[in-house]
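Subject: Structure handover

Hello,

Here is the structure you will be working with. Please open it first, then read the notes below.

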Amino acid sequence: MQPVDFTTLTATCSELRDQWLPARLEQVYQRDRFTVSLALRTMNQRGWIDISSHPAAARICVGDSPPRIPDTFTFSEQLRHQLSGLALVSIAPVSPWERVIDLQFAKRPGEPALWHLYAEIMGKYSNVILTAQDNLVVTCAHQVSAKQSSVRPIQTGQPYELPPSLTDAVPSAIESLDRWKERISLVPGQIKTNLLKNYRGLSKVLVVSMIRSANLDPEQSTDSLNPHEWQQLFQRWLYWLQCLENSKFQPSFTPEGYSVIDWPKPDETQTNPENESNSSLPSSFSKEAESTNESNSPLPSSFFPLPSSFSSESNSPLPSSFFLLPSSFSSVQELLNSYYTGEINQQVFAQLRHQLTQKLNNLLAKLRLKANTFKERLQQSAGADTHKSQADLLMANLQHWEPGMKSISLPDFETEKPVIIPLNVEKNAVQNAQAIYKKHQKLKRARIAVEPLLAAVQEEIDYLEQVEAALAVLETYRNTQDLQTLAEIREELIQQKYLVVSDYRSSDKNAAIEFHRYQTPSGFELLIGRNNRQNDQLTFRTANDYDLWFHTLEIPGSHALLRLTPGNVAQETDLQFAADMTAYYSRARHSEQVPVVYTEPKYVYKPKGAKPGMVVYKQERIVWGRPQQAPA
């Protein structure tokens, strides 16, 4: 996952200052243990600002509205208590090139700040800290004890201290080409590596995109560059600084991740009057040069530097969300929210799917073992009638018994074929017959007791296989509905007592996810449930008398509903399409042909006490589905 770097942080804070200052803080909500959201209202708009201290996705940007579930985090409660009703009057860096953003809150614009909310965007060291005017820490997202860090502990009641300053050189627009080239090429090495080693405020993604925009290879050695190539790269360097100074950003996705810089083509920097040479710098840089004689003077205080400790390599594959999001955005806020929401959702999706799959596999293995044990006991009890007939035969032929016999052969009542009956030599004929009668009664009682137990276990297996089929369809993360489908499956397993979660909180019942929707060749709508909750809703709430209900025959899978209007009849192509899709969203999705039943919804019933998604039906008809031909 690409971290927020210096350039991205500069861009997002520039937009926030332009669009959200001043603003009234109306609400504070903590989405998870890393992310807190501030509800702000200005004269023109209302929205949520996310501040995240996630170790791999620390950021500050405009986010989506939080879910409608209770917020039980202590950190957000403390922020609400101190900041609610105050005005956000400033979003500023603590100092030039520092990695901390200071959100200042006052009673009203123009008055001194009463509270400071520091957002430290520093990779795995990220934090969100609230201090009062006296600079004492009131609360923080993550407390750091002296044992955890001897350099900079963070504890409530202690004075707030800035993170240690960086020691690398500061990028400067007034630095000459020769000095810049000397610093980078002093020790020969890869261009990207030497840039990252010698200057602060750079990330791997930024450097790689900068080098490639100059038609150079990031892995290329500094010794191999000719004067023209050095000039091309230096122009990109100046262009980057100009974008920071003028807040000129264009968010978009790139093969390296995302970018907020719209790099010009190699010949554009030569023809652009603002970038013709090092002597024709933007006026803002010229003013900076006039005010100082130092070649490494800092950039203006509006810049927000963030050194990146990790990022995507230049030859890394496309980001996982690259094909899920648009290639360009209207704002940096939209890009960051889309990118990090997608990336974090994908991580959560993979973890949750793995957790549920492992749990289902363990449960099904135990239940199948139990079912096999019950089946073996039933097979043993199948000989109960045989024992009774043997005892009857022995009682009818007591005169043929002799002391010391280990077995006796008697003719069967009906077939007159010889039946060999084992005997206990220590018992007489009557006692042996009584022992066989007792064995018959024991096996008979066992069968009566085991049959309902086997039925209950098999019912659990059928239900969990239905859940397993819903999980099998969710192979990869595509959108937020996939994650919500998994969350609903998890919640269902918790409610059914298959999962035990100590901090379980019910999800928002109003945030219903959409069914899978398709259109048949004749234009009819086909709805398919994503999980058992949707299957029940589809079958017993959405369906009407004119629809047709589909399900794979004795195979776990989703419920499907072919929506028909009065006077319309589904054609064979429509039925085949519905059968193909129903087979695709089932456990047999990799088969060539799958039997699919369909009937009217009024003939589908839910037995009393049945688990979610489990139904019985009658008056069904069968059509063979072809999941491999389903256009899913």
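A residue is called buried under 20% relative accessible area, exposed over 50%, and partly exposed in between (1.4 Å probe, protein chains only). This is a predicted model, where local features need pLDDT of at least 70, side-chain atom pairs count only at pLDDT 80 or more, and totals for chains, interfaces and linings use all residues. Residues are numbered from 1 along each chain as its sequence is written, and side-chain values use heavy atoms, leaving out hydrogens and water.

Surface patch

Leu-398 is partly exposed, at 31% relative accessible area. Leu-398 sits in the loop between helix 10 (384-396) and strand 12. Helices (H or I, at least four residues) and strands (E, at least two) are DSSP runs, numbered from the N terminus.

Strand 12 (residues 407-411) has Ile-408 and Leu-410 on its covered face. Ser-407, Ser-409 and Pro-411 are on the uncovered one. Strand 12 runs antiparallel to strand 13 (residues 418-422), joined by five bridges. Strands count as paired if DSSP finds at least two bridges between them. Ser-409 stands opposite Ile-420.

Salt bridges

A salt bridge is a side-chain nitrogen of Lys or Arg within 4 Å of a carboxyl oxygen of Asp or Glu. How many does the structure hold? There are 22 salt bridges.

One of them joins Arg-589 to Glu-475, with the closest N and O atoms 3.9 Å apart. Arg-589 lies in the loop between helix 14 (572-584) and strand 18 (594-599), and Glu-475 in the loop between helix 11 (429-473) and helix 12 (480-495), so this pair ties together parts 114 residues apart in sequence. Arg-589 is buried, at 8%. Glu-475 is partly exposed, at 48%.

Asp-580 and Arg-626 also meet in a salt bridge (3.3 Å, N to O). Asp-580 is in helix 14 and Arg-626 in the segment after strand 21 (621-625), so the pair links parts 46 residues apart in sequence. Asp-580 is buried, at 5%, whereas Arg-626 is partly exposed, at 27%.

Arg-368, Glu-465, Glu-468 and Arg-587 are linked in a network of salt bridges.

Best wishes
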